[in-house]
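Subject: A structure for you to look at

Hello,

Here is the structure I promised to pass on.

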Amino acid sequence: NLQILKKDIGPTMQNEIILDMKKRTRLGESFIQLFLFLCGAISIFTTIGIVYELGKESILFFQNSQLDLLEFLTSTTWQPAIGKFGILPLVNATLMTTVFAMIIALPLGLSSAIYLSEYSTPKARKFLKPTLGILDGIPTVVYGYFELTFMTPLLRMILGNDNVEIYNMLSAGLVMGIMILPMVSSISEDALSAVP
């Protein structure tokens, strides 16, 4: 269209038309850009502040004369009240809880993703996909409350009170598996839908 205009008008008017076609800045857009920049800057500075505080406190912790770094990394006793800071029980509990969560989330998430991408009708997909999204929006505190008030008593009833403590890795892993199930399913379903 610009080439046609150049032929139809004289050379003196071409500069005026080209100037008029430039993007005009609007006050509202400038305000929105400034607001979004400030939001991004605040999030970056907040992250830097968190890293700074954690780093500062970690340095103070490791400068403690009673703490030995080798003992911290290899000891199996975690009792801060008496000065025993062995990290291995915490690492072990984290890994075991993660394994339990993956045992639940991977098969169920992949199965639901395969069903949604390959077998479901459009009507079923239209209902199930938002339902998974709703599960994804439940706060982790609610999952923790569900774990303490429902899952732990259920496991204690099934496996026995002597075998299952109030705070245990099995119920935490099962509930964590349910918590990450929507994410596994959604990512897997998107990946399956992208492949012919």
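Below is what I found, going from the whole chain to a few residues.

This is a predicted model, in which local features need pLDDT of at least 70 and side-chain atom pairs count only at pLDDT 80 or more, while totals for chains, interfaces and linings use all residues. Residues are numbered from 1 along each chain as its sequence is written, and side-chain values use heavy atoms, with hydrogens and water left out.

**The whole chain**

You will find eight helices and two strands; these are DSSP runs numbered from the N terminus (helices: H or I, at least four residues; strands: E, at least two). Their order from the N terminus is α-α-α-α-β-β-α-α-α-α. Of the 196 residues, 17% are buried, meaning under 20% relative accessible area with a 1.4 Å probe and protein chains only.

**Helix 7**

Helix 7 covers residues 140-159 and bends by about 40° at Glu-147 (the angle between axes fitted to the seven residues ending there and the seven starting there). After the helix comes Gly-160, with a positive phi near 105°. Buried in helix 7 are Tyr-143, Glu-147, Met-151, Thr-152 and Leu-155, and their cover includes helix 6 (122-136) and helix 8 (169-194).

Thr-152 counts as buried because its relative accessibility is 2%. Apart from neighbours within four places in sequence, Thr-152 is in contact (heavy atoms within 4.5 Å) with Glu-147, Glu-165, Ile-166, Asn-168 and Ser-171.

**The core**

The largest nonpolar core has six residues: Tyr-143, Met-151, Leu-155, Val-164, Leu-174 and Val-175. Such a core is a set of buried Ala, Val, Leu, Ile, Met, Phe, Trp, Tyr and Cys residues joined through side-chain atoms within 4.5 Å. Helix 7 and helix 8 are the elements that give two or more residues to this core, and helix 7 supplies the largest share, three residues. Again setting aside neighbours within four places in sequence, Val-175 is in contact with Tyr-143, Phe-146, Glu-147 and Met-151.

**Helix 5 against helix 8**

The axes of helix 5 (residues 88-119) and helix 8 come within 5 Å and cross at roughly 35°. Those axes are lines fitted to C-alpha atoms over the stretch in contact, with angles from 0 to 180 degrees between N-to-C directions.

I hope this helps you find your way around.

Best wishes

Note on methods:
Buried means under 20% relative accessible area, exposed over 50%, partly exposed in between (1.4 Å probe, protein chains only).
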